[in-house]
2 protein chains.
Amino acid sequence: MQTMIEEHSRPAQNALLQTLQHVGEAKTIVQQIFEMIGHSRFFSDFTREDVEQLAAFMQVYRANTGEMIIREGEVDDYLILIIEGRVEISKSDSQGESHPMTAVGPGATLGEMSMIDGEPRFANCVALEPTTFAVLSRDNMVRIIIEEPALGSKILIKLVTLLSQRLRATSSNLLHFLEN
Amino acid sequence: MQTMIEEHSRPAQNALLQTLQHVGEAKTIVQQIFEMIGHSRFFSDFTREDVEQLAAFMQVYRANTGEMIIREGEVDDYLILIIEGRVEISKSDSQGESHPMTAVGPGATLGEMSMIDGEPRFANCVALEPTTFAVLSRDNMVRIIIEEPALGSKILIKLVTLLSQRLRATSSNLLHFLEN
């Protein structure tokens with residue numbers, strides 16, 4: 001396990017992203033991101049100024065139906081925010097068979113764990129329809145923490161809240177199996 | 001769910017803490033905390049100055065063998081850092097029967113989820129032997145973020161890393177049950 005700051009000097013290659021269409025810098029779609037806020041738990045208390053600051057650190061990509069955005073087991077370090085479209089999350093079993101777990105749409109964030117801890121991806125994320133998404137790399141997350149500490153704290157608080165809720169939900173599910 | 005900052009004006013009562021022995025302010029045991037750093041993943045890259053700053057926001061308590069430090073279902077908002085002793089984490093089943101899950105010692109942190117999201121406690125934490133621990137309330141975490149933003153970011157990064165690792169471990173366990 002590496003900490004965010006240590007990792008700063010060795011950015012991941014993020015090779016999978018290079019297979020997808022790069023649309024441009026997220027600062028060109030601030031208005032679209034801002035309008036999406038109503039659908040996004042992640043951004044629920046971000047001001048217009050917060051979104052503008054954050055967008056300056058994000059890049060926008062597009063994936064066609066069936067294209068993979070995140071591949072299980074791969075080492076890369078970005079978080080994605082879905083702007084438009086729909087993404088299926090699936091997990092491979094020990095026979096390599098893929099099992100869909102859930103699907104998410106605009107406003108959802110994916111890939112936080114690897115952005116944070118640098119460990120391999122936990123699941124596959126595949127576009128179910130043409131999907132536009134903004135990418136935040138760990139390098140840029142570190143830059144935000146250093147260059148825009150107030151925004152950095154706000155994002156980190158969002159991340160701890162999100163992870164805490166997922167951990168509660170997952171732990172409850174696990175206990176259900178352990179008890180029965 | 002409430003966010004950390006919103007909750008600032010309505011501190012939890014933290015009633016259970018009031019039943020335990022209050023030893024004093026953590027700044028009196030900075031040296032002990034600093035020496036413990038070697039055992040603690042949480043503090044692994046904290047400098048002496050970081051620990052001094054953080055300790056100014058923490059209070060130290062002591063629990064005797066068998067005393068409860070955190071009670072499942074209760075609403076309170078502190079995280080604890082074990083300084084000395086040993087704590088059992090257990091979870092009650094639907095019949096109210098308590099099932100031990102694990103036990104942890106010096107350097108471990110407990111209670112992060114409720115400190116972060118303000119939701120009821122997920123499990124019980126009971127002292128297995130006389131235990132000394134430092135307490136960080138959500139109110140003081142918010143103060144650190146506002147008053148000492150660099151330290152605040154460092155703690156938040158630790159929290160996201162810790163939660164991310166627990167979520168990976170718990171999700172893997174859950175998948176094991178789902179697949180079999």
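Biologist: In S8(B), which residue is the bridge partner of B:Ile70?

Modeller: This is a predicted model in which local features need pLDDT of at least 70, side-chain atom pairs count only at pLDDT 80 or more, and totals for chains, interfaces and linings use all residues, while side-chain values use heavy atoms, with hydrogens and water left out. Residues are numbered from 1 along each chain as its sequence is written, and chains are lettered from A and ligands numbered from 1 in the order in which they are written. Strands (E, at least two residues) and helices (H or I, at least four residues) are DSSP runs, numbered from the N terminus. Strand S3 of chain B is joined by 2 bridges to the antiparallel strand S8 (residues 124-127), and there the partner of B:Ile70 is B:Cys125.

Biologist: Which strands are the edge strands of the sheet in chain B?

Modeller: Strands pair if DSSP finds at least two bridges between them. The open sheet has 4 strands with antiparallel pairing, in the order S3-S8-S5-S6 of chain B. Those that pair on one side only are S3 (68-70) and S6 (98-104) of chain B.

Biologist: Which residue of chain A meets B:Arg168 in a salt bridge?

Modeller: A salt bridge places a side-chain nitrogen of Lys or Arg within 4 Å of a carboxyl oxygen of Asp or Glu. Between chain B and chain A, 2 are counted. In one of them, at 2.9 Å from N to O, the side chain of B:Arg168 meets that of A:Asp117.

Biologist: How many residues apart in sequence are the parts tied together by A:Glu72 and A:Lys91?

Modeller: The side chains of these two residues form a salt bridge at 3.2 Å, N to O. A:Glu72 lies in the loop between strands S3 (68-70) and S4 (78-84) of chain A, and A:Lys91 in strand S5 (residues 87-92) of chain A, so the pair ties together parts whose separation in sequence is 19 residues.
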